[in-house]
Amino acid sequence: MNQKRLVFSMLPLMVSALLIAIFVVFNLSVKTPLFYSSNLQNHPSPKQFSLLIGILTRADNYDRRHFLRLIYGIKSPPFAQIDIKFVFCNLTKQEQRVLISLEILRFNDVIILNCFENMNNGKTYTYFSSLPQILSQSYDYVMKADDDVFLRLLPLALSLQPLPRSDLYYGFVIPCQSMNPFVSYMSGMGFVLSWDLVEWIASSDIPRNDTFGPEDKLVGRWLNAGRKARNRFSNKPAMYDYPGSKDGINGLL
Ligand SMILES: *[C@@H]1O[C@H](CO)[C@@H](O)[C@H](O)[C@H]1NC(C)=O
Ligand SMILES: *[C@@H]1O[C@H](CO)[C@@H](O)[C@H](O)[C@H]1NC(C)=O
């Protein structure tokens, strides 16, 4: 009788212990295959460069993030370290604080910037200028991408491989008919800056004083004003807007 009561009183404790155990086992079983595969390579090919892809999105776009995680859940090309993070501004709802905490625990792929959610009021500036402070490592390249583009990581990495690692501005040059990467700026659907330019954006007055307006056009204007990005590369026609859709899905590479 006493023993029975003891078991019942311990039931909540046992259930929570079981849940924690399941959580741990689940995490381990997801992580170990990666661990094994890198151990199995006798001579892992050295990473030639690293790329951070920040997908600018909103906290409430849960389904979009889950979809993109599935798409990008494949392995990076062996010669490049590619990290993908979802980037949004301050959380504003109690529900977001709970759900996004869980996402961070599970996937560790979220960057929350100190800003109020916006598109053309400085979010792109906040993104680039915050990175040197908030990242624990630097990257050779940093990309800003929208959450309605599809990136094929291998062609993207192959196209970056031969390019300069510094003073680089890469993307899909606007206006659409322009084939000159210096005329005039890279489309906001997805563009890449080398790390020195990210550091410059974080430290220079030029971007800091000019953050309101079409976010992609501003980046081009900052770089021109600062006489930066002497290396420019427009990856047409590999990058494109999906034909016939003005506001729909963008195709990339
Ligand atoms: C974002 O949230 C932080 C922490 O709650 C707060 O200190 C900061 O003022 C907020 N920033 C904006 C722009 O709302
Ligand atoms: C940026 O703004 C500050 C304060 O208004 C001003 O002192 C500085 O000269 C400006 N810098 C540039 C590069 O426009």
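Let's start at a ligand: a nitrogen atom of ligand 1 sits 2.7 Å from an N or O atom in the side chain of N114. That counts as a polar contact, meaning a pair of N or O atoms within 3.5 Å; within protein, one must be able to donate a hydrogen and the other to accept it, and residues adjacent in sequence count only if both atoms are side-chain atoms. Keep in mind that this is a predicted model, where local features need pLDDT of at least 70, side-chain atom pairs count only at pLDDT 80 or more, and totals for chains, interfaces and linings use all residues. Residues are numbered from 1 along each chain as its sequence is written, chains are lettered from A and ligands numbered from 1 in the order in which they are written, and side-chain values use heavy atoms, with hydrogens and water left out.

## The two ligands

Which residues surround ligand 1? They are N90, N114, C115 and F116, where being near a molecule means having a heavy atom within 4 Å of it. By class, that shell has 2 nonpolar, 2 polar and no charged residues. Here Ala, Val, Leu, Ile, Met, Phe, Trp, Tyr, Cys and Pro count as nonpolar, Asp, Glu, Lys and Arg as charged, and the others, Gly among them, as polar.

Ligand 2 has D205, I206 and N209 around it. The protein buries 29% of the 360 Å² that ligand 2 exposes when taken alone. Such areas come from the Shrake-Rupley method with a 1.4 Å probe, and for residues only the protein chains shown count as cover.

Here are the polar pairs between side chains and ligands:

| Ligand atom | Side chain | Distance |
|---|---|---|
| oxygen of ligand 1 | N90 | 2.3 Å |
| nitrogen of ligand 1 | N114 | 2.7 Å |
| oxygen of ligand 2 | N209 | 2.4 Å |

## The whole protein

Zooming out, the protein has 8 helices and 12 strands. Helices (H or I, at least four residues) and strands (E, at least two) are DSSP runs, numbered from the N terminus. Of its 253 residues, 44% count as buried. Buried means under 20% relative accessible area, exposed means over 50%, and partly exposed is in between (1.4 Å probe, protein chains only).

The accessible surface comes to about 14400 Å², and 61% of it belongs to carbon and sulfur atoms. As for contacts (heavy atoms within 4.5 Å), take those with a separation of 6 or more: residues 24 or more positions apart account for 73% of them.

Look at helix α2, residues 62-71, where Y62, R65, L68 and R69 are buried. Why do they count as being on the same side of α2? Because they cover an arc of only 130° around the axis. The arc is that of the directions from the helix axis to the C-beta atoms. Turned away from that buried side are the exposed residues D63 and L70. The buried residues of α2 pack against β1 (49-56), β2, α3 (94-107), β3 (110-112) and β5 (149-150).

Helix α5 (residues 153-160) has its own buried set: L153, L156, A157, S159 and L160. Seen down the axis, these fall within an arc of 160°, so they line one face of α5. Their cover includes β1, β2, β4 (141-146), β6 and β9 (190-194).

## From α5 into β6

Now follow the chain to D167, in the loop between α5 and β6. Is D167 buried or exposed? D167 counts as buried because its relative accessibility is 7%. A polar atom of the D167 side chain lies 2.8 Å from the backbone nitrogen of A229. Leaving aside neighbours within four places in sequence, D167 is in contact with S194, D196, L197, K228, A229, R230 and N231.

L168 lies in strand β6, residues 168-171. L168 is buried, with a relative accessible area of 1%. Not counting residues up to four places away in sequence, L168 touches several residues, among them Y141, L160, V192 and N231. The C-alpha atoms of L168 and V192 are 7.7 Å apart, although 24 residues separate them along the chain.

## A stop in β2

Finally, visit D83 in strand β2, residues 80-88. D83 counts as partly exposed because its relative accessibility is 21%. The D83 side chain makes a polar contact of 2.9 Å with that of Q81. Beyond residues up to four places away in sequence, D83 touches L51, L52, I53, Q137 and Y139.
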